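This briefing goes through one protein model by topic. Please keep the sequence and the structure at hand while reading.

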Amino acid sequence: MTLRNLLKKLKNDIDPLDADLIIQHVLKLDKAQIYSNLEKEIDHQDQDLINKMYKSRLRGEPLAYLTGHKGFWKNDFLVTKDVLVPRPETEILVEAILEENLNDKTILELGTGSGVISISIADEVKNCTIHATDISIKSLLIAKKNAKQINLDNIIFLNHDWNNEWLFPNVDFIISNPPYIDKKETTGSEEGIWFEPEDALFSKKNGLHDIEVILKKSKNILNKNGKIFIEHAPCQKEEIKKIGTSNKYKNISNLIDLNGDVRASVFKC
Ligand SMILES: C[S@@+](CC[C@H](N)C(=O)[O-])C[C@H]1O[C@@H](n2cnc3c(N)ncnc32)[C@H](O)[C@@H]1O
């Protein structure tokens, strides 16, 4: 089969961008090389692999799990089924914290997953120290590999459950994209999430349990004027503001994502 016919077949059923990326991944060609070689015959082995990935994508498996990587901020990250697929919305947390003076500051990330948030910050500001935590050892191993790929030595990875005792030193900033989906509100038809680790997605108490724990405990270890940047669902913004106010945070502001939704909030001590 030629590349032209293969592309046509894939683009019939899946997102055309995904079709391009699957073919690029298997044939190890860039987009320009693909489109200037449309009459190239694809060998059977590559066709079988492309077909396998196309069928998985058709079943809803996230493309990042099929190709094993995903771009976030300025780098490409290793991604496996042990970690949440990094979302572009989460980049607003990185963008917002980078507006602060992070030189010689200490940052704590809660729930680092593949490490995209901490690694993106640490790569931009080499003289800050980041403690990146997660309950999942498997995800910490991926995050460590990602940090090593970029040669970063300013992140300390720690296995920690935020429901347990916090023995961290005081920090200047806390950042987190915690689980915040209310499982009761899901329909089963959501794109991608059913392939991702449950612990990374769902939270009790209408999706607010983990955010509540984090906001409450963070208050005790944030330095004066310290801030916490936390991602949440747009519909949770009022509830989260209430949690912040009841924990006596002084100043609460919102971060808006590319869709114009309130996707994160910032709380100042
Ligand atoms: C929404 S994912 C975020 C991953 C990554 N920071 C990102 O933005 O792509 C939430 C992460 O929190 C971790 N997590 C869930 N419950 C936790 C807990 N009780 N203590 C520590 N980490 C937890 C999950 O393992 C997961 O990696």
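Which residue in E9 stands opposite Leu-255? The residue is Ala-264. The model described here is predicted. The protein is divided into two parts, domain 1 with residues 3–59 and domain 2 with residues 81–268.

**Domains**
- Domain 1 spans 3–59, and domain 2 spans 81–268.
- Taken over C-alpha atoms, the centres of domain 1 and domain 2 are separated by 35 Å.

**The sheet**
- An open sheet is formed by seven strands, and their order is E5-E4-E3-E6-E7-E9-E8.
- The pairing in this sheet is mixed.
- Strand E5 (155–159) and strand E8 (251–256) are the edge strands, each of which pairs on one side only.
- On average, neighbouring strands of the sheet are turned by 20° against each other, with direction ignored.
- Strand E9 (residues 262–268) pairs with E8 over six bridges, in the antiparallel sense.
- In general, the strands of a sheet pair through backbone hydrogen bonds, in either a parallel or an antiparallel way.

**Helices on the sheet**
- Helix H8 (residues 137–149) packs on the sheet, where H8 touches strand E4 (129–134) and E5.
- The direction of H8 makes about 170° with that of E5.
- Helix H10 (residues 209–221) also packs on the sheet.
- H10 touches strand E3 (106–110), strand E6 (171–176), strand E7 (222–231) and E9.
- The direction of H10 makes about 165° with that of E7.

**Ser-120**
- Ser-120 belongs to helix H7, which covers residues 116–124.
- Ser-120 counts as buried because its relative accessible area is 0%, and the cut-off for buried is under 20%.
- Apart from neighbours within four places in sequence, Ser-120 is in contact with Phe-72, Trp-73, Phe-77 and Val-94.

**Ligand surroundings**
- There are 21 residues around the ligand, and those that come nearest are Gly-111, Asp-134, Asp-161, Asn-177 and Ala-200.
- Gly-111 has a backbone N or O atom 2.9 Å from a nitrogen atom of the ligand.
- A polar backbone atom of Ile-135 is 3.2 Å from a nitrogen atom of the ligand.
- For Gly-113, a backbone N or O atom lies 3.5 Å from an oxygen atom of the ligand.

Conventions:
Residues are numbered from 1 along each chain as its sequence is written. This is a predicted model: local features need pLDDT of at least 70, side-chain atom pairs count only at pLDDT 80 or more; totals for chains, interfaces and linings use all residues. Side-chain values use heavy atoms; hydrogens and water are left out. Helices (H or I, at least four residues) and strands (E, at least two) are DSSP runs, numbered from the N terminus. Buried means under 20% relative accessible area, exposed over 50%, partly exposed in between (1.4 Å probe, protein chains only). Contact means heavy atoms within 4.5 Å. Domain bounds come from an automatic or database domain assignment. Two strands pair if DSSP finds at least two bridges between them. Axes are lines fitted to C-alpha atoms, for helices over the stretch in contact, and angles run from 0 to 180 degrees between N-to-C directions. A residue is near a molecule or strand if one of its heavy atoms lies within 4 Å of it. A polar contact is a pair of N or O atoms within 3.5 Å; within protein, one must be able to donate a hydrogen and the other to accept it, and residues adjacent in sequence count only if both atoms are side-chain atoms.
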